[in-house]
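Thanks for coming. I will take a few minutes on one structure, and you can follow along on the screen.

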Amino acid sequence: MAGRETQSIGTRLVVLVPYAWLVAFFLVPCLIILKISLSQTVLAQPPYEPVLDLSAGWAGIRDFLAGLSADNYATLAGDTLYLASYLKSLEVAALSTALLLVIGYPVAYAMARAPGRIQAVLVMLVILPFWTSFLIRVYAWIIILQGDGLFNRALGLVGIAPRPWLATDTAVYIGIVYSYLPFMVLPLYATLQKLDEALLEAAADLGCPRRKAFWTVTLPLSLPGAVAGGLLCFIPIVGEFVIPDLLGGSQTIMIGQTLWTEFFANRDWPVASAIAIVLLCVLVGPIAAFEHMRLRDARRRS
Amino acid sequence: MRRLSAINLTALALGLAFLYLPIAVLVLYSFNASRLVAVWGGWSVRWYRELLRDDAILDAARISIGIALVSATAATVLGTLAALALTRVGRFRGRAAFSAMIYAPLVMPEVITGLSLLLLFVALGIDRGFWTVAAAHTTLTMCFVAVVVQSRLIDADRSLEEAAMDLGCPPFRTFLFVTLPVAAPAVVAGFLLAFSLSLDDLVIATFTTGPGATTLPIRIYSAVRLGVKPEINAVCTVMISCVALAVVAASLLTRAGDPAKKPFAH
């Protein structure tokens, strides 16, 4: 009986410790954002009010609730700058996810077709850049794309006049596709690699040309991988900050940058929080789809 | 044996070139004697020598490595526990919410994670610095560790653990002597992943840091915003080399524990 008791305590701790950590450092902070987004900016420390005063008991809670308002959301709705910023982020994320699919699919397909013993090496080669600093990889593109950089000089060799590439949308798309390519290739590869080759052989036996077999068998079956990779890229790209900040121009203001400016330059914490909450609402659909895919995959594995 | 068609080979070559050329350019230019990118001034280790004299960068590197060590250690413990909870404990109340909280931070935009943690620290009245960044990084990276270890535990053969339990081995000893050795390669890989993610993070660190805890990415970012600097190329090359070594070590370790996955076994 004593053994059982220790077992259940040990087992409970295994669940409880990480659970408590995530509640304290993930769930509670998300609720705090929601609370601050309903607060007002003041010149004080902390720079918002109302501040929940639990020592005042019920009166404190009542005053706190009475002090909340949706003014910050009205600010967001009232200024087209914010709407333009959200739309720009969604546009950049959608277009770069499409580009990632077009570029990532052939790479993943070739990886899955490679001889078995070099597949592991290829997987490692694709993962390696993901481990290398994001910031460093974006910085590398500044060296390449700047005015007298390698890209313009390479274009010069084939007789194309140099153009400014930095601070353009093109640079942002290049940076995003480059940084997120492993996130697209790996889920696609995982699906393509599991594909039952007997299906393709059956198609060939029945006289289906290889090209047609690709469009009617391989492509539809690899769709789950494409959706998984797409969501894995789309969701974080919408909130991307570093890439548009370093490679983009002032005409490409994505919502991550707007939030950053509200917080660090304008020191308006409540509006920054409201931006974050609206961003979360925009992303709730894609995040739920991501969860759904993951659960289906987990069920299939177990 | 299958052979790659010309189209597949081209796709692979172009894809890998796209992934590696920018890094190669960066490494190459860190050895450029000239300060200007437009001019190749011959090979030189001048920028590495200057790096050794740059106290601001060295301080930032020390702080970043400290934070990465602390947070990766904590994340490995918490992430491994979380993976055990998801694969070995069975049903418990709030399991779905728990698993959602493990996966949500993986795709959550960093600006939101950073802002939310900063607001938590402010609400609690905690002074920001080394420990707040470490706690923030632990939260993000423990989820990566949990996913890596969980995947290993799902694939692992459970009959060994069941045999140990059937023979009367208490659960904790079973975990220590049977489950942990099976999961070990993934735990090590998880630690290295957590370490490199922490070393790399700019956005969350900027939100949660305070005076005296300027990390290397924050330092690099403020330099990079003003344009290309050869010293920065040198720092980046050093960081890339460390990460490459760690990844190769991790992948060898992962395979050492799993003979079936040896790529060079014939």
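Predicted model: local features only at pLDDT ≥ 70, side-chain atom pairs only at ≥ 80, totals over all residues.

Start with how the two chains meet. On the chain A side, 78 residues are in contact with 69 residues of chain B. Which helix of chain A gives the largest share of that side? It is helix H1 of chain A, residues 2-37, with 20 residues. Sorted by class, the chain A side that touches chain B holds 59 nonpolar residues, 12 polar ones and 7 charged ones.

The crossing of H6(A) with H10(B) is left-handed. Which residues make the contact? From H6(A) they are A:Leu135, A:Tyr139 and A:Ile142. H10(B) brings B:Pro217, B:Ile220, B:Tyr221 and B:Val224. By class, the residues of this contact are 7 nonpolar, with no polar and no charged ones.

Next, within chain B, please find helix H5, residues 110-124. This helix has 15 residues, and from its first C-alpha to its last it reaches 21 Å, close to the 21 Å expected at 1.5 Å a residue. Is H5(B) largely enclosed or largely open? Since 12 of its 15 residues are buried, H5(B) is largely enclosed by the rest of the structure. The buried residues include B:Glu110, B:Thr113, B:Gly114 and B:Ser116, along with B:Leu117, B:Leu118, B:Leu119, B:Leu120 and B:Phe121. After H5(B) comes B:Gly125, which has a positive phi, near 70°.

Is B:Ala146 buried or exposed? It has 31 C-beta neighbours inside 10 Å and therefore counts as buried. What does B:Ala146 touch, leaving aside neighbours within four places in sequence? Its contacts are then B:Gly79, B:Ala82, B:Ala83 and B:Ile102. One distance to finish: B:Asp157 is 11 residues from B:Ala146 along the chain, and their C-alpha atoms are separated by 18 Å.

That is the end of the tour.

Key
Residues numbered from 1 in each chain as written. Chains lettered and ligands numbered in written order. Left-handed = near helix turned anticlockwise from the far one by under 90°. Helix = DSSP H or I, 4+ residues; strand = E, 2+ residues; numbered from the N terminus. Contact = placed C-beta atoms within 7 Å. Nonpolar A, V, L, I, M, F, W, Y, C, P; charged D, E, K, R; others polar. Expected span 1.5 Å × (residues − 1). Buried ≥ 20, exposed ≤ 12 C-beta atoms within 10 Å, placed from the backbone.
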